[in-house]
Amino acid sequence: MYQTTYHRASSVDEAASLFAKGSDAKFLAGGQTLLPVMKQRLASPSDVIDLGRIKELQGVELSGDLLTIKAATTYYDIMQNPDVKKAIPAISYLTSVLGDPAVRYRGTIGGSIANNDPAADFPAALLALGATVKTNKRSISADDFFKGLFTTALEDGEIITAVSFPVPAKAGYEKMRHPASRFALTGVFVAQTKSGEVRVAATGASQSGVMRVPAIEAALKANWSPSAIDSVTISANGLLADIHGTAEYRANLVKVMAQRAVASAR
Amino acid sequence: MSTVKLTVNGKAVAVDVEDRTLLVQLLRDHLNLTGTHVGCDTSQCGACVVHMDGKAVKSCTMLAGQADGASITTIEGIAKGDELHPMQAAFRDNHGLQCGYCTPGMIMSAIDIVHRHGGQLDEATVRQELEGNICRCTGYHNIVKAVLDAAGRMKVSQAAE
């Protein structure tokens, strides 16, 4: 790892001002991606600004039909939270299959979506549930937030403070886990909103990162059941292909994971 | 350089380190606690697992500065004098190690698993929960046996306290 200067911020405002003073600063949340990337010397920020202990970025609130998870809440705390289990159990399940226990104690929802890894789990949940990303400057809908591989709508120095999820009628998530990295080889999050809209998002599949799957949404809108997806064809065009699976394999996984997610949705 | 203040295995320490220092480097290179190992250095293998404020974390994927003020327990800090921790004793009795390289991380993760699950542990849960710890020798079978054995012993020793 190259030299860097570590700062611990005690408030969002302090973090923003520390960022502005650094020549090439980066925010550090749980560090489960940034630190490995720095160790590989793929990133060499002049300053690292730790958001991990900012109190206003911690915790979960359930208010009516809106579940709000603060940005620096760890996967473990999300997984264990009774409001999450009650309001959107699919999110609790998602965190239980994310990484391993030690990673779940450190990694955060804000860190996951800011990084927007094409195989990360949380981007699929945000997109399928029509979540809103709150930052220290504005609110951004999930539809506008994810801009492609490792790219988001965040501006330089902008800090995610929370994610708000409308509580759905039903939601489910299933993924084929890569056995070593535990990232999603392909994962699909399905949701039926309380107004009857169906939204489906796939991660680990597209070369452009997390994506909606309109063909499956239409099939589920007509008939919310795993068998409704039988006749859907997913094109392999633009899907990821690597040593772990071809684009055709992932196209099939999108269908199969969607079917499993519908079957487990509640 | 920054001064990182920690409690390590019950002892307060203050260490001057470069800001880029990882927690595992502080433990091994500055405090000579070399029981905590670095295996993969990419947060996959779990050889570097220690407890921070009672939670099992990968010390190769944390800056020392992030642990400032925390209480760290390493493999050196779990036995009571000559009396092994029940997890250590169970690993020995069940032959849960061969080369031993992964063992410190296995044991620290396994203690965390027992703390979280208590009496609810079964073989499938142990196998799933150990996914962040890689062993190249044992095929995991005796490790799983050791964790289940220790879960029983830890319950007994907790009840006795």
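L22(B) sits in the loop between β2 (11-17) and α1 (23-30) of chain B. Helices (H or I, at least four residues) and strands (E, at least two) are DSSP runs, numbered from the N terminus. This is a predicted model, in which local features need pLDDT of at least 70, side-chain atom pairs count only at pLDDT 80 or more, and totals for chains, interfaces and linings use all residues. Residues are numbered from 1 along each chain as its sequence is written, while chains are lettered from A and ligands numbered from 1 in the order in which they are written.

**A loop residue in chain B**

Is L22(B) buried or exposed? L22(B) is buried, because 27 other C-beta atoms lie within 10 Å. A residue counts as buried if 20 or more other C-beta atoms lie within 10 Å of its own, as exposed if 12 or fewer do, and as partly exposed in between; the C-beta atoms are placed from the backbone. Beyond its neighbours within four places in sequence, L22(B) is in contact with S59(B), C60(B), M62(B), L63(B) and A64(B). Contact here means that the C-beta atoms of two residues, placed from the backbone, lie within 7 Å. L22(B) and C60(B) are 38 residues apart in sequence, yet their C-alpha atoms are 6.0 Å apart in space.

**Where the chains meet**

Chain B brings 24 residues to the contact and chain A brings 21 residues. On the chain B side, β4 (55-58) and α3 (103-117) each supply at least two residues. β4(B) gives the most, with 4 residues. The chain B side holds 5 nonpolar, 10 polar and 9 charged residues. In this count Ala, Val, Leu, Ile, Met, Phe, Trp, Tyr, Cys and Pro are nonpolar, Asp, Glu, Lys and Arg are charged, and the others, Gly among them, are polar.

**Domains of chain A**

Chain A is assigned domain 1 (5-50), domain 2 (58-166) and domain 3 (170-264). These bounds come from an automatic or database domain assignment. The centres of domain 1 and domain 2 of chain A, taken over C-alpha atoms, are 19 Å apart. Their contact takes 11 residues from domain 1 of chain A and 15 residues from domain 2 of chain A. Helix α1 (residues 12-21) of chain A provides the largest share of the domain 1 side, 5 residues. That side has 7 nonpolar, 4 polar and no charged residues.

One open sheet has 3 strands in the order β1-β3-β2 (chain A), paired in parallel.

A second open sheet has 5 strands in the order β4-β5-β10-β6-β7 (chain A), with antiparallel pairing. Its neighbouring strands are turned by 20° on average, direction ignored.

Two strands pair if DSSP finds at least two bridges between them.

| Strand pair | Sense | Bridges |
|---|---|---|
| β1(A) and β3(A) | parallel | 4 bridges |
| β6(A) and β7(A) | antiparallel | 3 bridges |
| β11(A) and β12(A) | antiparallel | 8 bridges |
| β12(A) and β13(A) | antiparallel | 6 bridges |

**Around β12(A)**

β12(A) is largely enclosed by the rest of the structure, because 9 of its 9 residues are buried. With β11(A) it forms a hairpin that has 6 residues between the strands, and R182(A) in the turn has a positive phi of about 65°. The bridge partner of Y173(A) in β12(A) is F189(A). The hairpin of β12(A) and β13(A) has 5 residues between the strands, and G196(A) takes a positive phi near 95° there. V188(A) stands opposite A202(A) in β13(A).

Which residues touch the most other members of the largest nonpolar core? They are F189(A), V190(A) and A258(A), in a core of 136 residues. A nonpolar core is a set of buried Ala, Val, Leu, Ile, Met, Phe, Trp, Tyr and Cys residues joined through C-beta atoms within 7 Å. Not counting residues up to four places away in sequence, V190(A) touches residues including A128(A), A171(A), L220(A) and A258(A).

Terms used. Axes are lines fitted to C-alpha atoms, for helices over the stretch in contact, and angles run from 0 to 180 degrees between N-to-C directions.
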